[in-house]
Amino acid sequence: AVGPKLFQYVVKVLVQSVQLLYTLLRIDQPSYILLQNPPGLPSIAVAWVAGLFWRSKLIIDWHNYGYTIMSLSHGRNHPLVQIAKWYEKLFGRLSDYNLCVTDAMREDLWMNCNIKAVTLYDRPASYFKETPLDLRHRLYMKLAQDYEPFRAGAEPVDPSAERSAFTERAGRDGRVVESRGRPALLISSTSWTEDEDFSVLLKALEDYERFIDEGAKLPALVCVITGKGPLKDYYNGLIEKLHFKHIQICTPWLEAEDYPLLLGSADLGVCLHKSSSGLDLPMKVVDMFGCCLPVCAIYFECLHELVKHNENGLIFRDSSELAEQLKMLFLEFPPLEGKLHSFRQNLRAAQELRWDESWDQTVLPLLGHK
């Protein structure tokens, strides 16, 4: 950390370029170099140089634009952002093949960058699926060791039985059942960055608490926000100032194998991802849909390519609209019918391709393989 920030950034890019090029030139000769963008600075240029050396084809998988992410913290007119934009357009055109995650991005790449791409939607991995009740119970009991919202409000009458906030395992036959009057489980995941405003969710939860106080027949709520990132401490500070009677919030960092299990155990997912470019889709929603978990997601331009409003979830624009959606979905919980039930049924019926199947159908023909 010596000198002005611009100098530090230039030095960092140069050092990364040398390190990355050195690594790429030491591997066995590849037929293809597959690069996900972002981050593209300096990796696009370095991968292109390595491709020239190896006589390899360069494939860029466009998930977003790096310069739009930089603009969240620097502003769109910052010199660094403008340089990054020029760089992505220039070196992006040097690739042999291009993949992208939405039709909207495919059109934008062609119109603004003269780059021809094929849409390859993100798909969930095979381990994202609904979690069986017995496995849910084991997960809840494990999380209850560290997180208060997962603990039962009272000990079971039978000392040999187990109880979490959501489930009970009988001591005699070991059968697991959902606890009567259990809270609803709401989950969101985040990297705690500027493109997700969690104050929207916190304000909606305040309204939800008010609905209960006014007599609405709504369940208590456990809200789990997973992930880690730069703004986590800031939002934890806001959460600590809230004093709910019917809502508990925790922000755990889950082990990799526990995250899909928790998604498959939840009642509703919430997504606050706002695309910096308006052209990418949130992977967290893809994973939630893999678990047949209905979602409330905040609106941005191409979100309709993933979230079908009133079919597999709901789209909201502000905290008050989200609060009304939570009220409508959780009324008379747990639902034997109604929107939440029908969304889950639709997701079960519309189980789409998983990642490897989608790759085989979309990418292999592009590369000349059948």
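**Sheets, rings and one cysteine**

Analyst: An open sheet has four strands in the order E1-E2-E3-E4, and the pairing is parallel. This is a predicted model.

User: Which strands stand at the edges of that sheet?
Analyst: Strand E1 (32-37) and E4 do; each has a single partner strand, so one side of each is left without a neighbour in the sheet.

User: How many bridges join E3 to E4?
Analyst: Two bridges join them, and the strands run parallel. Leu99 is opposite Val118 in E4.

User: Which strands does helix H5 lie across?
Analyst: Helix H5 (residues 103-113) lies across E2, E3 and E4, at about 140 degrees to E3. Helix H2 (residues 43-54) lies across E1 and strand E2 (57-62), and runs at about 175 degrees to E1.

User: Back to E3. Is Cys100 buried or exposed?
Analyst: Cys100, found in strand E3 (residues 97-100), is buried, with a relative accessible area of 0%.

User: What is Cys100 in contact with?
Analyst: Setting aside neighbours within four places in sequence, the contacts of Cys100 are Asp61, Trp62, Met105, Arg106, Leu109, Ala117, Val118, Thr119 and Leu120.

User: And how far is Cys100 from Asp207?
Analyst: Their C-alpha atoms are separated by 38 Å, and the two residues are 107 residues apart along the chain.

User: New topic: what is the order of strands in the sheet with six strands?
Analyst: The order is E10-E9-E8-E11-E12-E13, in an open sheet with parallel pairing. Strand E10 (247-250) and strand E13 (313-316) are the edge strands, each pairing on one side only. From one strand to the next, the twist averages 20 degrees.

User: How many bridges are there between E12 and E13?
Analyst: Four bridges, with strand E12 (residues 295-298) and E13 paired in the parallel sense. Ala297 has Ile315 in E13 as its bridge partner.

User: Let's do rings. How many aromatic pairs are in the whole structure?
Analyst: A search of the whole structure finds 17. One of the pairs is Tyr127 with Phe128, which is tilted, at 5.1 Å centre to centre and with 35 degrees between the planes.

User: What kind of pair do Phe128 and Tyr259 form?
Analyst: An edge-to-face pair, 6.1 Å centre to centre with 80 degrees between the planes. Phe128 lies in the loop between strand E4 (118-119) and helix H6 (133-144), and Tyr259 lies in helix H9 (residues 258-263), so the pair ties together parts that are 131 residues apart in sequence.

User: Is Tyr259 buried or exposed?
Analyst: Tyr259 is buried, with a relative accessible area of 17%.

User: Which rings are linked into a cluster?
Analyst: Trp192, Phe198, Tyr234 and Tyr235 are linked into a cluster by ring pairs.

User: Last one. What sits over the rings of Tyr299 and Phe211?
Analyst: Arg317 lies over the face of Tyr299, 3.9 Å from the ring centre. For Phe211, the charged end of Lys327 sits over the ring, 4.6 Å from its centre.

Notes: Residues numbered from 1 in each chain as written. Predicted model: local features only at pLDDT ≥ 70, side-chain atom pairs only at ≥ 80, totals over all residues. Heavy atoms only, no water. Pairing = 2+ DSSP bridges. Axes fitted to C-alpha atoms, helices over the stretch in contact; angles between N-to-C directions. Phe/Tyr/Trp six-rings, centres within 6.5 Å; stacked < 30°, edge-to-face > 60°. Buried < 20%, exposed > 50% of the residue type's maximum accessible area, 1.4 Å probe, protein only. Lys NZ or Arg CZ within 6 Å of the ring centre and 35° of its normal. Contact = heavy atoms within 4.5 Å.
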